[in-house]
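Subject: Structure handover

Hello,

The structure is below for your files. My notes on it follow.

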Amino acid sequence: METYFKIRYEFDRGRVHEAIADRLGKPGSDYVCVADGVILNTANRNEEYLRVVNGGMFSVCDSSYVPMYVKWIYGRTREQYCGSDIFIDIVNSRKYRMIFLGTQQPILDSLRESLARHNPDVKDMKFVELPFRPVDGFDYPAIARMIEEDGADIVWIALGAPKQEIFMSRLKPCLGRGVMIAVGAAFKFYSGGDAAVKRAPRWMVRHHLEFVHRIVQEPKKQLRRCFNIVRTLPWLLYSEWRVSKRASALAGRGRD
């Protein structure tokens, strides 16, 4: 794992899946955050939320820009691992029993149908709508009992950031086993129903233009998010540049 912009990332896809499998072999539960630009921005403005994001196993890098910034500042090559990619990778693996929590039931029903084409085992798994309420309003012990009775290994959660990350942190002490992963819009990407949101074409993702695609699809929501990210980006880059310079200076003194 490596820390950039105060967030603990695991960039290596193989190690992500090894860590999840290893955690499932031990008692207790944990969670993985899928850190996009919204999470990065919010975590750097809110210390309590930063503790939530770093309170799980690690974050995977959903942002295509973070690897670019890491290359600029540190000269290191790192890769993006989108929430929609880790989602479908685990579904396709057919290794785990899963439970899907969040969003509206029609989307969940469409998601079950769509995912069953990738993994027929999904037909017998639970897709549970969570009521729309503040993050403090959920009955976490009851949700944990439902998950444990189901026997799910992987708990997929789609409530939107920052709510879903806080939800996982509150559920973690109540849950006896399992790994939770918050995947935001992945349910809508793969639902295939009327409410489905199309993922940006790969060429847009490669050229860091996925945000344009999202703005076209959800202008009101995404423009607000993009404004907040752009507003704080110069400060974030400058702060991380200073971190890199301090690290270089310490490494130089260590060699002396």
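Among contacts in the protein chain between residues at least 6 apart in sequence, what percentage join residues at least 24 apart? The value is 75%, where contact means heavy atoms within 4.5 Å.

Two points on conventions. This is a predicted model, in which local features need pLDDT of at least 70 and side-chain atom pairs count only at pLDDT 80 or more, while totals for chains, interfaces and linings use all residues. Residues are numbered from 1 along each chain as its sequence is written, and side-chain values use heavy atoms, with hydrogens and water left out.

The protein chain has 12 helices and 8 strands; these are DSSP runs numbered from the N terminus, helices being H or I of at least four residues and strands E of at least two. Of its 256 residues, 48% are buried (under 20% relative accessible area, with exposed over 50% and partly exposed in between; 1.4 Å probe, protein chains only).

Strand 8 (residues 177–182) has 5 of its 6 residues buried. Strand 8 pairs with strand 3 (residues 28–35) in the parallel sense over 5 bridges, pairing requiring at least two DSSP bridges between the strands. Gly 28 stands opposite Arg 177 there. Strand 7 (residues 154–158) also runs parallel to strand 8, joined by 4 bridges, and Ile 154 has Val 179 as its bridge partner. Strand 7, helix 8 (residues 163–171) and strand 8 form a right-handed β-α-β unit (with the strands pointing away from the viewer, the path from the first strand over the helix to the second runs clockwise).

The axes of helix 7 (residues 140–150) and helix 8 come within 10 Å and cross at roughly 80 degrees; axes are lines fitted to C-alpha atoms over the stretch in contact, with angles from 0 to 180 degrees between N-to-C directions. Helix 7 is therefore roughly perpendicular to helix 8 (65 to 115 degrees). Tyr 140, Ile 143, Ala 144 and Ile 147 of helix 7 meet Phe 167, Arg 170 and Leu 171 of helix 8.

The largest nonpolar core has 41 residues, and those with the most contacts inside it include Ile 143, Ile 147, Phe 167, Leu 171 and Met 180. Such a core is a set of buried Ala, Val, Leu, Ile, Met, Phe, Trp, Tyr and Cys residues joined through side-chain atoms within 4.5 Å. Apart from it lies another core of 33 residues, including Met 57, Ile 86, Val 122 and Ile 154.

Regards

Notes. Parallel < 35°, antiparallel > 145°, perpendicular 65-115°, else oblique.
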